[in-house]
Amino acid sequence: MDVGPVLWVLSQSLELKSVRRGRAKPMSGVMKRMGMLFRAKANKALDRAEDPRETLDYSYQKQLELLQKVRRGVADVATSRKRLELQLNQLQGQSGKLEDQGRKALALGREDLAREALSRRAALQQQVTDLETQHATLQGEEEKLTLAAQRLQAKVDAFRTRKETIKATYTAAQAQTRIGEAFTGISEEMGDVGLAVQRAEDKTAQLQARSGAIDELLASGALDDPSGTHKDDLQVELDRLSGGTDVELELQRMKAELAGGSSGGQQAIEGGDGSEQPQAGPRQEPRDETPRFDKQ
């Protein structure tokens with residue numbers, strides 16, 4: 001709600017009361033300052049709310065209305081002129097008729113009737129003269145209004161062309177300004193987006209820095225890993241070397257097994273099929289290994 005008009009009314013009422021009580025001088029300066037302040041605020045608000053394109057369209061509309069009024073004036077003057085022309089034609093016809101009647105009266109020897117007819121014709125002639133004067137005046141006004149309407153039409157057309165040019169230029173400048181503000185991030189819409197992106201980048205950088213710091217502390221042994229999944233660089237290198245040694249040992253064992261299997265098969269082929277039993281040699285008695293002692 002705009003409180004400016006309300007405050008202005010209150011200030012005016014206070015000033016009026018002060019004038020009635022004879023204290024207008026001390027309050028007049030305050031009221032003037034308040035009035036100037038309100039006018040300045042209202043002017044700023046109007047300037048912020050004003051759209052030049054709407055103002056141009058309104059001005060063009062008012063010019064069209066003025067042109068329409070001028071055209072209606074030309075039409076009214078032309079109508080009056082045409083009405084006078086009809087009256088002139090009617091009076092001229094009556095004047096010609098009275099002249100014929102006067103001639104016929106003179107031909108019949110009625111001079112009194114001829115004089116009456118000529119008197120009426122003279123009165124009509126005076127009316128014809130007045131109407132001709134009015135007709136000439138209306139014709140002059142019609143010509144002036146027609147010329148003014150033509151000039152105003154030319155100005156309106158020129159203003160319309162200039163209006164459209166200014167509107168197009170203003171729209172293009174407004175679009176360029178919005179694009180520039182969007183690119184630079186100073187617009188209201190893009191400003192919020194830019195702040196959100198900046199906050200996301202800051203949080204990401206903070207998390208990355210924290211993760212790197214934790215890795216360095218774990219690698220240096222300053223922090224312990226309760227899960228045992230993290231190993232320092234020295235342990236990783238030792239595990240890699242021991243893993244390589246185990247692989248080499250396993251490879252040597254497999255080679256030895258393969259070599260042993262190949263020699264056993266070759267001996268089985270050379271000794272036959274294994275059906276013949278080897279001949280037993282002379283049986284040897286077991287020797288008595290008990291030591292013997294000579295009798296003395």
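**Stop one: a buried lysine**

Select Lys 163 to begin: at 3% relative accessibility it counts as buried (buried means under 20% relative accessible area, exposed over 50%, and partly exposed in between, with a 1.4 Å probe and protein chains only). Before going on, know that this is a predicted model, in which local features need pLDDT of at least 70, side-chain atom pairs count only at pLDDT 80 or more, and totals for chains, interfaces and linings use all residues. Residues are numbered from 1 along each chain as its sequence is written, and side-chain values use heavy atoms, with hydrogens and water left out.

Glu 164 is partly exposed, at 40% relative accessibility.

Asp 57 is partly exposed at 31%, while Lys 167 counts as buried at 18%. In total, the structure holds 15 salt bridges.

**Stop three: the rings**

Lys 163 lies over the face of Tyr 60, at 5.0 Å from the ring centre (a charge sits over a ring if NZ of Lys or CZ of Arg is within 6 Å of the ring centre and within 35 degrees of the ring normal). Tyr 60 counts as buried, at 16% relative accessibility.

The structure holds one aromatic pair. Select Tyr 60 with Phe 159: their ring centres are 6.4 Å apart and their planes are at 15 degrees, so the pair is stacked. (Rings of Phe, Tyr and Trp, the last by its six-membered ring, pair if their centres lie within 6.5 Å; planes under 30 degrees apart count as stacked, over 60 as edge-to-face and the rest as tilted.) Here too, distant parts of the chain are linked, with Tyr 60 in H3 and Phe 159 in H4, 99 residues apart.

**Stop four: Arg 81**

Next, click on Arg 81 in helix H3. Is Arg 81 buried or exposed? At 18% relative accessibility, it counts as buried. Arg 81 forms a salt bridge with Glu 85, the closest N and O atoms being 2.8 Å apart. The two are four residues apart in H3, which means about one helical turn between them. Leaving aside neighbours within four places in sequence, Arg 81 is in contact with His 135, Leu 138, Gln 139 and Glu 142 (contact means heavy atoms within 4.5 Å).

**Last stop: the nonpolar cores**

Finally, select Leu 84, Leu 88, Leu 91, Leu 98, Leu 124, Val 128 and Leu 131, the seven residues of the largest nonpolar core. (Such a core is a set of buried Ala, Val, Leu, Ile, Met, Phe, Trp, Tyr and Cys residues joined through side-chain atoms within 4.5 Å.) Helices H3 (52–107) and H4 (111–184) each supply at least two of its residues, and H3 gives the most, with four. Apart from this core lies another, of six residues, including Leu 67, Val 70, Leu 152 and Val 156.

Conventions
A salt bridge is a side-chain nitrogen of Lys or Arg within 4 Å of a carboxyl oxygen of Asp or Glu.
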